[in-house]
Amino acid sequence: MRQPNIIFVLTDDQGYGDLGCTGNPVVKTPAIDAFASESIRFTNYHVGPTCAPTRSGIMTGHYANSTGVWHTVGGRSLLRGNETTIADVFAQNGYRTGLFGKWHLGDNYPYRPQDRGFQETVTHGGGGISQTPDFWGNDYFNDTYLVNGVPEKFEGYCTDVWFREAIRFIDKNRAKPFLCFITPNAPHTPWNVDPKYSSPYRGKVSDDRADFYGMITNIDENFALLRTKLRELDIEDNTILIFSTDNGTACADKDMYTAGLRGVKGSEYDGGHRVPFFIRWADGGLVAPRDIDTLVANIDFMPTFMELCGIDSGNYAHLGLHGTSFRTLLTDEHPAWSERVIVTDSQRLVQPVKWKQSAVMTDRWRLINGSELYDIIADRGQTNDVAAAHPDVVAKLRREYDAWWDIVSKQFDDEIPIPVGNDDRSVNLTCHDWRTETGHIAYHQGMIRRGEGSTGYFEIDVLREGTYIIELRRWPKEDGHGITKANTDADYRKDAIAERWREYYTGGKALAFRYASLTVCGRTRTAEIPENASSAVFTVTLPQGRTHLDARFIASESLVRGAYYVSVIRV
């Protein structure tokens, strides 16, 4: 039998309870529900409580914190350059590889998906459409995305584009094995969606939730199209199809349904990181629908699918994967499986802090933040702390956490620099990757428009000594407005974007900056900002090696902002 194809549909910010098949009484997901009814369903599958950490574990088989990804911004959503990804491995073993949608593990070389084993990519920037690294003015409709790193205009709604491009990739590669990640940014904020999807929910739930559910229903519609295409191409049976999500629900309100789990996105309780995972592969015998309650996690994805696809794990023993293949749970009637301990946490800090928002998990127990203990079998909602009654369990799980911390903390102090000067192309830096103690990063375009954020520096690695031109901008190059000028409204889809999200696309506060400042390699240069200038330009000589680059705009002592956009090019 030919090696199977793999298609992994991974949605964004959709929690365990945001599907009809997990008990939600409102949201309509008939296609995914039908798939779940034909699938093996892992009911105790765990990820990181936020986007980028989850993705790093899936891509590498390593705990997120060990890969350098413990945040979603601040230069700690960049997947360390020494990590080997599942795409690297599958490409080395004859697979065609593609990713369509959200990446969120770096926007510059060597952190982009096309640098990490994916041969075909169509992606947005940053952690979501309309975030700072994304193409200016993108609003989910008729946007500009990156095709293997090159901007290209697309027609249609973002989720429709991701599935359409993935189906094109699948069709083109149907005669050979392929690995295809379909990773919609939906239903991440902003909750922009065509009213035809949200209107059926109006009056039943809050307006925000109606939009959120509308985005999920659109995903479901595309999932149905995907399955239809696989049948038309006669490749469904030898395709391993997986549906999952990247963390707990991000829509928290009175109408929320969590399937009895405590917590939402970002939480250390199960509602923050326990998500659905459905898998079907007819030719591999994975067609008997059933629930598997055994504890597994995102770090198990890479070793499991290497084994299922016949890739010799011995050739990759040097990677030291933290995950364990759960192939036997899928294929064996009486699998040999030892109880294990898995740790997940939510850091979102410049530097990780021990025990912060952590969950140490076994099939039965959850140790939360090193002190609270819950019997998850008897107490699914984690309402009854039984730590006092089980001090031996607490002590054991604390020792397990200490061992885990020793593993993941080895590189905490190592920088993750963005290389410059490798060739004559411009390296475009955004404040999304600032290193800053204040943590106040303007991570979405609405914050740029309002002039929010503080200051920060970039970790860079100058690959070749030489002369460099460094341009500082408040607005991105494709926008073209002057540094001190207000901005104009984007051409956004008003009927599909709620009032609360329009700040991403409207206006832009004028800021009376007078000077631009650049500090790099320990030397500070300052220049007046010419009237109407869209950038402040510095020409500097840089030695080879790692350094910090701090770029600022100054109006007065009390009004200083980091340059939101900085380009570096070697002359």
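**A walk through a predicted model**

In this predicted model, four strands make up an open sheet whose order is S12-S13-S14-S15, with antiparallel pairing. Strand S12 (342-345) and strand S15 (372-375) are the edge strands, and because each has a single partner strand, one side of each is left without a neighbour in the sheet. On average, and with direction ignored, neighbouring strands of this sheet are turned by 20° against each other. Strands of a sheet in general pair through backbone hydrogen bonds, either parallel or antiparallel. Within this sheet, strand S13 (residues 358-361) and strand S14 (residues 365-368) are paired in the antiparallel sense over three bridges, and Val 360 stands opposite Leu 367 in S14. Across S12, S13, S14 and S15 lies helix H10 (residues 391-408), which runs at about 70° to S14.

We can now turn to the interior of the model. In soluble globular proteins, nonpolar side chains tend to be buried together. The largest nonpolar core here has 55 residues, of which Ile 7, Ile 170, Cys 180 and Leu 226 touch the most other members. At least two residues of this core come from each of strand S1 (5-11), helix H1 (30-37), helix H4 (158-172), strand S7 (178-183), helix H6 (207-232) and strand S8 (239-245), and H6 gives the most, with nine residues. If we follow Ile 170 and leave aside its neighbours within four places in sequence, we find Ile 170 in contact with Ile 7, Phe 178, Cys 180, Leu 226, Leu 230, Leu 233 and Ile 235. Apart from this core lies another, of 44 residues, which includes Ala 52, Met 59, Ile 292 and Met 302.

From its first C-alpha to its last, H4 reaches 21 Å with its 15 residues, close to the 21 Å expected at 1.5 Å a residue. Among the buried residues of H4 are Cys 158, Val 161, Trp 162, Glu 165, Phe 169 and Ile 170, and the buried residues of this helix pack against S1, strand S3 (96-101), strand S4 (120-123), strand S5 (144-147), S7 and H6.

The last step concerns a pair of helices. Two packed helices are described by the angle between their axes and the distance between the axes. For H1 and H6, the axes come within 7 Å and cross at roughly 55°, which makes H1 oblique to H6. Where these helices meet, Pro 30, Ala 31, Ile 32, Ala 34 and Phe 35 in H1 are in contact with Ile 219, Asp 220, Phe 223, Ala 224 and Arg 227 in H6.

Key: Residues numbered from 1 in each chain as written. Predicted model: local features only at pLDDT ≥ 70, side-chain atom pairs only at ≥ 80, totals over all residues. Heavy atoms only, no water. Core = buried A, V, L, I, M, F, W, Y, C linked by side-chain atoms within 4.5 Å. Buried < 20%, exposed > 50% of the residue type's maximum accessible area, 1.4 Å probe, protein only. Contact = heavy atoms within 4.5 Å. Expected span 1.5 Å × (residues − 1). Pairing = 2+ DSSP bridges. Axes fitted to C-alpha atoms, helices over the stretch in contact; angles between N-to-C directions. Parallel < 35°, antiparallel > 145°, perpendicular 65-115°, else oblique.
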